[in-house]
Amino acid sequence: MNSRFAALCLQHFTLEIVACRRAKPTLQLFRAMDFHENPCRAINSFHSFIALVLCALCLTACAGRRAGLPADPAELRAARQQYADYASEAAGERRKPTRLQTSLRFGTENDSRRVVALLWENGSGPIRLDVRAGIGASAAKILQDDRRFLLYAVQEGRAYYHDGPRQSLINYGLPLPFGLRDLAALLAGDFGAVFGPALPDTAERTPSGNLLFTLSGKPGGLVEIGPRGLPLVWRDEKDGWTLTFGYDDAARPLPRRVEARHKNGKYALLLVKERERPAVPFTREQLDLPLPPGTPLSPMKEMKRL
């Protein structure tokens, strides 16, 4: 069915709606009494009703053909190449020192709070994150490296640890399905470090015209790729997570907005307010997280959530 016929159906459908709003209700038009009183009007109304139904079915069928079908091979190759080129360039840029100032709102629609989060790294090695609840009021200090995840709850005066390089921020009470290292990669546009350096060789078209890829391995899920090979949405239907990405207006766009939502109603909205590229790498002392003498140290599972 071509687009011209669908457009004509839509035009007829709209005109019939207007006409029906000025006429009697449908059920009254088909009563036997009305048919005997004015058979011509009843027949015309019946034909109009059938036309409405057929047009609606035609439009639905046309929409269905545009979505959920395998992507055009040429378009698929272009999207995969754009994604690979962007991921490769972003991985190279991430090897440089970076400092981000972000605004983070999390909770539920009826109960949320906002904090300021400062993140800095050299692109490899340790990553530091400081969470501030207000001006000069530090709430938590976090360090993640290849060996451990360490969190110091400032107001509580207690530190918590997790052995191993990966620790989801969910365990800190933040509704984010990734660890600090993966979050830093996403904010830097280094999608290859999270979703893989190359996309699968098959995809489906979404209703909006983007391409939907099914990822294998970790983290798995579905990723929707838009113009220029940029991820727009990531979904993990098994665990109920959805991430959406918004980008700045730079020549090579970088994520400016990352929103995570869970099926249980919790969400986190992270906005990049400032992005700095220091000329020299951060020192070991700047990336370390020294604890005050005598600080109690407990496993992460014993920590109170935010």
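Colleague: What is the volume of the largest cavity in this model?
Modeller: Keep in mind that we're looking at a predicted model. The count comes to two cavities of 30 Å³ or more. For the largest cavity, the volume is about 60 Å³.

Colleague: Which residues lie closest to the centre of the largest cavity?
Modeller: Eleven residues line the largest cavity. By class, that lining has ten nonpolar residues, one polar and no charged ones. Strand S1 (98–108), strand S2 (111–121) and helix H6 (180–187) each give two or more residues to the lining. Closest to the centre are Leu104, Ala117, Leu129, Leu183 and Leu270.

Colleague: And how many charged residues are in the lining of the second largest cavity?
Modeller: That cavity holds about 30 Å³ of space. Its lining is made of Arg94, Thr98, Leu100, Leu119, Glu121, Ala184, Ala188 and Arg275, and the elements giving two or more residues to it are S1 and S2. Sorted by class, the lining has four nonpolar residues, one polar, and the charged ones number three.

Colleague: Back to H6: is Leu183 there buried or exposed?
Modeller: Seven of the eight residues of H6 are buried, so the helix is largely enclosed by the rest of the structure. The buried ones are Leu180, Asp182, Ala184, Ala185, Leu186 and Leu187, along with Leu183, which is therefore counted as buried.

Colleague: Let's talk rings. How are Phe195 and Trp234 arranged as a pair?
Modeller: A search of the whole structure turns up seven aromatic pairs. In this one, the ring centres are 6.4 Å apart and the planes sit at 25°; planes under 30 degrees apart count as one class. So the pair is stacked.

Colleague: How many residues apart are Phe195 and Trp234?
Modeller: Both residues are buried. Phe195 belongs to helix H7 (residues 192–195) and Trp234 to strand S10 (residues 231–236), so the pair links distant parts of the chain. The separation is 39 residues.

Colleague: What kind of pair do Phe195 and Phe245 form?
Modeller: Phe195 lies in helix H7 and Phe245 in strand S11 (residues 241–247), so this pair ties together parts 50 residues apart in sequence. Both are buried. With 6.5 Å centre to centre and 85° between the planes, the pair is edge-to-face.

Colleague: Which residue lies over the face of Tyr86?
Modeller: Tyr86 is part of one aromatic cluster with Phe178, Phe191, Phe195, Trp234, Phe245 and Tyr247. At 5.3 Å from the Tyr86 ring centre, lying over the face, is Arg252.

Technical notes: Residues numbered from 1 in each chain as written. Predicted model: local features only at pLDDT ≥ 70, side-chain atom pairs only at ≥ 80, totals over all residues. Heavy atoms only, no water. 1 Å grid on protein atoms, 1.4 Å probe; cavity = no way out; pocket = protein on both sides within 12 Å on 5 of 7 lines; lining within 4 Å. Points joined across faces, edges and corners; volume = space filled by probe spheres on them. Helix = DSSP H or I, 4+ residues; strand = E, 2+ residues; numbered from the N terminus. Nonpolar A, V, L, I, M, F, W, Y, C, P; charged D, E, K, R; others polar. Buried < 20%, exposed > 50% of the residue type's maximum accessible area, 1.4 Å probe, protein only. Phe/Tyr/Trp six-rings, centres within 6.5 Å; stacked < 30°, edge-to-face > 60°. Lys NZ or Arg CZ within 6 Å of the ring centre and 35° of its normal.
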